Amino acid sequence: MPITRRFFLGTAIPAVTLFASNLQARAAQISPNFMAPRALGNPNAKVHVQEWFSLTCAHCGRFAQTVFPEVEKQYINTGKVYYIFRDFPLDKIALMAAIVARSLPVDQYKPFVFALLDNLDQWAFKEGADPAKELQKYATLAGMNAATFDQVVNDSALRDAILAEIKQAEDKYKIDSTPTFIFNNQPVVGELTIEDFGKQVTSALSRPATP
């Protein structure tokens, strides 16, 4: 079963209660590169797939480990799919991780994100550990020094830019859990096998690709 964001809203991300207009105004203060798409493949592919995921979602982690390598091999590298990563943090730690990921050089985004998703039990769910401190260790390995890490995770404009995108996704696609995939504008909720992913790609060919 996918994890719903509603479960965490009581204490997880208070900033989502801000008016959408306030979030958008804050988001406008940051560099356009921060929210530029993090994507793989050919943008002219007939099928565009968005994955809305949380960096503390065990289901997203399992998909990243067991299914995504085949998605990349069969569909992204062959030019059949343009794959777009979309942040949908379920809690404060996931939001912090998403901010750090987007603050890294673009070519470091995927390695960093997959390192986190592949090792959730070593940083996000490590017994007795502080997830924020564990996250900083991964950021250091990706080339982000301690001063930059502190600056990034405390930048409310960066936070609000991600929250504004989440609000748009909730309004447009009614997303409330992770992972959620959008195949040419059609939402599909929950983990997918490689077979299920292929079926959705085939179905999406009958609809126009959407950015």
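**Questions on a predicted model**

Reader: Where is the place of asparagine 185?
Author: Asparagine 185 sits in the loop between strand S6 and strand S7 (186-189). Strands (E, at least two residues) and helices (H or I, at least four) are DSSP runs, numbered from the N terminus.

Reader: Before we go on, what kind of model is this?
Author: This is a predicted model, in which local features need pLDDT of at least 70 and side-chain atom pairs count only at pLDDT 80 or more, while totals for chains, interfaces and linings use all residues. Residues are numbered from 1 along each chain as its sequence is written, and side-chain values use heavy atoms, with hydrogens and water left out.

Reader: Back to asparagine 185: what is its phi?
Author: Its phi is positive, about 80 degrees, although asparagine 185 is not a glycine. Most residues other than glycine have a negative phi, and most peptide bonds are trans.

Reader: And lysine 174, what is phi there?
Author: Lysine 174 also has a positive phi, near 60 degrees. This lysine lies in the loop between helix H9 (156-173) and S5.

Reader: Are these two buried or exposed?
Author: Lysine 174 counts as exposed at 65% relative accessibility, and asparagine 185 is partly exposed at 37%. Buried means under 20% relative accessible area, exposed over 50%, and partly exposed in between (1.4 Å probe, protein chains only).

Reader: Which residues does the cis peptide bond join?
Author: It joins threonine 178 and proline 179, with omega about -5 degrees. Proline 179 is in the loop between strand S5 (177-178) and strand S6 (180-183).

Reader: Let us turn to the whole protein. How many helices and strands are there?
Author: There are 10 helices and 7 strands. Of the 211 residues, 49% are buried.

Reader: Which residues touch the most other members of the largest nonpolar core?
Author: That core has 64 residues, and those touching the most other members are Phe68, Val71, Tyr83, Phe112, Leu135, Phe183 and Phe197. A nonpolar core is a set of buried Ala, Val, Leu, Ile, Met, Phe, Trp, Tyr and Cys residues joined through side-chain atoms within 4.5 Å.

Reader: What does phenylalanine 197 touch?
Author: Leaving aside residues up to four places away in sequence, phenylalanine 197 touches Val49, Val71, Tyr75, Tyr83, Phe183 and Leu192. Contact means heavy atoms within 4.5 Å.

Reader: How many aromatic pairs are there?
Author: The count comes to 13. One of them joins phenylalanine 181 and phenylalanine 183, a tilted pair at 6.4 Å centre to centre with 45 degrees between the planes. Rings of Phe, Tyr and Trp (its six-membered ring) pair if their centres lie within 6.5 Å; planes under 30 degrees apart count as stacked, over 60 as edge-to-face and the rest as tilted.

Reader: Are phenylalanine 181 and phenylalanine 183 buried or exposed?
Author: Phenylalanine 181 is buried at 0% relative accessible area, and phenylalanine 183 is buried at 0% as well. They belong to one aromatic cluster, whose members include Phe53, Tyr75 and Phe197.

Reader: A new topic: how many residues of H4 are buried?
Author: H4 is mostly covered, with 9 of its 12 residues buried. Among them are Leu95, Met96 and Arg102.

Reader: And leucine 117, where is it found?
Author: Leucine 117 is in helix H5 (residues 106-118), and it is buried at 6% relative accessible area. Its C-alpha atom is 7.5 Å from that of threonine 56, 61 residues apart along the chain.
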